[in-house]
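Student: Please take a close look at a single part of this structure. I would like one connected description.

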Amino acid sequence: MAKELYKEAFQYAMTELKKEFKEKNNEDEFTIWFKMKYVEDSVDTITVSVVSNFMNTMLSSKGYFALLQKKLKEITGQNIEIKCIIVNDESSTTKDDIPEKPVSSKESKPEAGEEQKNKKHPLLQENFTFDTFIPGDNSNFAYKASMAVAKNPGKQYNPILIYGGSGLGKTHLMQAIGNYIYSNGGDKLKIFYGSAESFTNEFTSSLTSKKTNQFKNKYRNLDVLLLDDIHFLDNKKGVQEELFYTFNALHEKQAQMVFTCDRPIKEVKNMTERLVSRLSNGLCIDITIPNYETRVAILNKKLELIGKKLNQEIIDYIAKNVETNVRELESALQQILAYADIIEQEPTLEMAKNQLKDILNSNSAQNISLDIIQKVVAENYQISISDLKSKKRDKKYVFPRQVAIYIARELTEISYSELGNEFGGKDHSTIMHAYEKIAEGIKLDSSLEAKISLLIREIKEFKK
C-alpha cells in the first residue's frame, strides 16, 4: 500500500471544508463531526481513524464522509473511497493500528451463505421498519393503515397517500411497507421505491434517448410502487400524464401503490384534476407534529436501538424544546451523544443545553418576521399581500387573514394591537377573535392542523 499519495489532498480538503462550515457559522459542527485523522492511502482509498464506532456510524449516516469524498474529487479528479478504523487512543494513529479489514464507507460483501439469510431490498433502508416506528396520536392511523397495506398489498387501501410536513415519518412508513412485503415472501415481486424527482428525471431521460417504451415497461409492470414526495410534480404536465397512465395500468393489475406528499393532494398547485382524482381515490392520511409524550417515546426507542442511555432530565429537555419534527428530534439526540462520545464524558443537562442552543435559537420566534408570514400565507392561498392586509370581507380573503394572524401570534411576540395595525387597521378584539377562531378550528379539523403545520414549516424554511 502506497503511503501519503493523497495526504496533502486530504489535508487541503479538510481545510476547505472547515472554511465552508465557518462561512455558514457552523464551525462548531465541523469541529465535532470531522474529528478524524489521516492514516494512509492507496491508489483509490484513503484510510482515516476515529475514536469510536459510534463516531464512524454518525459520519456515515449524516453524510460527512460523502462531503469529504466530494471535496477530494474536486481537488484530485478521482473517486476516492474513505475507509475508517477505530482507535481508542487518538495519538496512536499509525499503520500498526490498522486491522486487516478496515471498516469501509462502501457496503461490505456478506460472507458465503450469509447473503440469502440477510437479503435486503436494494432500494429500501433496512432500518425503516414498523418495529422502529413509534406511533402516537399524530401518526397512529397512518401506522395502522400502512400495516394493513403491507399485510394485504393490492387488496386493501389502494392507493394509500400519506401527507404531512418534512421529517414526520412519511418516508419511514412507506419504506416499512416495502420492507415488510419484501421480507414476507415478496422477494420475487417487483418492488420499486423512488422519489417523484427521480421518476421525473428518468422519464425526461427516456424522452431524449427515445427509450420511453423501456420506461413504461419498467413502471407499468411493477407489483409495488412506492413514490415519495409527489408534490414535486407540481406544474409538470408531461410527467403527470405519464404517472396517470402508470397509475391506471398498476391499478388494473391490483399492484399496490403508496404515495407521500407534503400537503393534501388537492392543495398541490397545478396538478391535473384527473391525477388528483386518482390519487385521492384510496386512503389519504395526514401525519402531524408528535406531541410531548410521543417525542419522549421516540427518543427512548432511538436510544434502545443504538444501545445508549441518557438521564431522563436530558430526554425531557430535548422533547420539550425540539417540537418541529422527528428528524430534528433524532438529530438533536445524535448531537448530544456524539459530543459526549468525542470528549469521553457522560452527557449532562448542561451539555445538552449547550449543544442544542444553536438549534433552538435558529427556531426562535425573534428570527421570523411578519413580512415573511404574510408572504407565505398569501402565496399559499393565491391572493396578494395587499388583499391579506386589506379590510375586504370576502371569505377568500378573511380566512387566509385569520390564518396569518394565528401563525403570527404563535411564532412572534407581536401584540394584538400591533397585528391590528398590520392587517388593515383592525382593533384588538377583531385580531383576538381571528386567532381564537383558527385555534378552535384546529381542535376540530385535523386537515386544518396539518395545513397550519405545513405553513409554519414553509415560513421557517423561507427565512433560511
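Tutor: A residue counts as buried under 20% relative accessible area, exposed over 50% and partly exposed in between (1.4 Å probe, protein chains only). This is a predicted model, in which local features need pLDDT of at least 70, side-chain atom pairs count only at pLDDT 80 or more, and totals for chains, interfaces and linings use all residues. Numbering starts from 1 along each chain as its sequence is written, and side-chain values use heavy atoms, with hydrogens and water left out.

The part is helix α4, residues 64-76; helices (H or I, at least four residues) and strands (E, at least two) are DSSP runs numbered from the N terminus. α4 has 13 residues and spans 18 Å from its first C-alpha to its last, close to the expected 18 Å (1.5 Å times one less than the number of residues). Its buried residues are Y64, F65, L68, K71 and L72. Viewed down the axis of α4, these buried residues fall within an arc of 125°, so they line one face of the helix (the arc is taken from the directions from the axis to the C-beta atoms). The face turned away from that buried side carries the exposed residues K70 and E74. After α4 comes G77, with a positive phi near 80°.

For another helix, take α6, residues 140-151, which has twelve residues and reaches 17 Å, close to the expected 16 Å. Buried in α6 are A142, Y143, A145, S146, M147, A148, V149 and A150. Their cover includes β5 (160-164), α7 (170-183), β8 (256-261) and β9 (283-287), where contact means heavy atoms within 4.5 Å.
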